[in-house]
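Here are my notes on the model you sent. Please read them with the structure open beside you.

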Amino acid sequence: MCFFELQIQLDERAAKGLLRSRRTVTSPQSTRLVVDGKPYLSFCSNDYLGLANHPQLIEALQQGTEEFGVGAGAAHLVNGHFASHEQLETELADFVGKPAALLYSTGYMANLGVVQALTGRGDTVFADKLNHASLNDAMLLSRAEVKRYRHNDMAQLASLLEKTISGRKLICTDAVFSMDGDYAPLPELLALCEAHDAWLLVDDAHGFGVLGCQGRGSLSHFALASPRIIYMATLGKAAGVFGAFVAAESVVIKYLFNQSRSYIYTTATPPALSVALLASLKLIREGDVRRAHLHSLIMQLKQGLAGLPWSLMESDTAIQPLVVGDNQAALDLSVALRERGLWVAAIRPPTVPEGTARLRITLSAAHTSAEVAQLVEVLRELAR
Ligand SMILES: *Cc1c(COP(=O)(O)O)cnc(C)c1O
């Protein structure tokens, strides 16, 4: 073992301003966080609706543990598939307008499991260059041929599809890009799928609960429905709990629980979490006030930050990236904010392309307009 080499590589990362570190939170997830004993106003969680610490979800989780205990104890296909899992799958499928759904332990595992099960040698996976890391890893694991297209470049994707003659074709895309906050052109992507007999895997980690009628997600936002679409969303972001699901035609779901390795070879999530998620789904459905408030905060931030030396990316979602460019400068800005009691994460390569280091500001329905005004004011002061 050569620990020395590992240390050299870490030192190299540090010299480039790329060393990652962690800080410990000692309060519940919320817009007001206690970190290492100090209070912060936070703008970096994906808890877009402010449900992660909601009293009704806490109560539902407690009831869930009384009914089902704390652990599933086995994989879904052995004896770890509980009534709460089953009910949640049924309600999720109905909510997003699909015949069936399947719970996965995490979004990362869902993406690995879907792409690995549906494609293999001789098939081709097409992917946006800005897709989430889990989709990138999924493509490698599948052993299919991988063709990546420039971000949202439909012309390039069309030409790649035209050149692919044999095998199954699967297009993978984030619906809302996690580090940029912009939408994928889902209607155009679906049209290409239809023209080229391809499948579309839509990763709606950042749309589910937030976009569309009653928070039904990106398919509802674009009024899209097609058996070609395989829909994946996570349950640890707007839904405030943990986990993920895939929704699709019944035959696809049945195929997945027969063939998807990250579904089969892992312990089911605690059934109590599904009880909490059923309560979360109810709050999401009834969450129009939360979503309207979130939307007004997004508008407020965009107006407030106009004309700064750093500019916000083109985004209408709760993800509002402020591009700084240089790695160290992004880190310095995030430290300066922290010294003023504001916590905003700096995102650097390789998570985002070289030269586009940024503050990834995320807004939540739990923020107040005064809190957003405070962030705007401090950023304007730091820009001077
Ligand atoms: C967060 C995220 C995932 C992974 O979901 P987890 O449940 O956190 O594993 C997948 N895709 C996208 C776009 C994400 O933002």
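From which domains does the lining of the second largest pocket draw at least three residues each? Keep that in mind; point 4 takes it up. Note first that this is a predicted model.

1. Start with the largest pocket. About 930 Å³ of space lies in it. Its lining counts 32 residues.

2. Helix α14 spans 327-339 and strand β13 spans 345-347; each supplies at least two residues of the lining of the largest pocket. The biggest share comes from α14, which gives four residues. Domains matter here too. Domain 1 (20-49 + 288-383) and domain 2 (56-285) each provide at least three residues of the lining of the largest pocket.

3. Now sort the lining of the largest pocket by class. There are 14 nonpolar residues, ten polar ones and eight charged ones. Colour them by class on your screen.

4. Move to the second largest pocket. Its volume is about 320 Å³. The opening question has its answer here: the lining of this pocket takes at least three residues from domain 1 (20-49 + 288-383) and at least three from domain 2 (56-285). In total, 14 residues line the second largest pocket. Nearest its centre lie N131, A133, M179, P350 and T351. By class, its lining has seven nonpolar, five polar and two charged residues.

5. Turn to T269. This residue sits in the loop between α11 (261-264) and α12 (271-285). Is T269 buried or exposed? T269 has a relative accessible area of 10%, so it is buried; the cut-off for buried is under 20%. Which residues does T269 contact, leaving aside neighbours within four places in sequence? They are A72, H76, H85, Y104, S105 and F242.

6. Finish with F126. This residue belongs to strand β4, residues 124-128. F126 counts as buried because its relative accessible area is 0%, and buried means under 20%. Not counting residues up to four places away in sequence, F126 touches K147, Y149, L157, L160, L161, T164, K169, L170, I171 and C172. Take L157 from that list. F126 and L157 are 31 residues apart in sequence, yet their C-alpha atoms are 7.6 Å apart in space. Trace the chain from one to the other and check this for yourself.

Methods
Residues are numbered from 1 along each chain as its sequence is written. This is a predicted model: local features need pLDDT of at least 70, side-chain atom pairs count only at pLDDT 80 or more; totals for chains, interfaces and linings use all residues. Side-chain values use heavy atoms; hydrogens and water are left out. On a 1 Å grid over the protein atoms alone, a cavity is a set of points where a 1.4 Å probe fits but cannot get out, and a pocket is an open set with protein on both sides within 12 Å along at least five of seven lines; lining residues have an atom within 4 Å of a point. Grid points are joined across faces, edges and corners, and a volume is the space filled by probe spheres set on the points. Ala, Val, Leu, Ile, Met, Phe, Trp, Tyr, Cys and Pro count as nonpolar, Asp, Glu, Lys and Arg as charged, and the others, Gly among them, as polar. Domain bounds come from an automatic or database domain assignment. Buried means under 20% relative accessible area, exposed over 50%, partly exposed in between (1.4 Å probe, protein chains only). Contact means heavy atoms within 4.5 Å.
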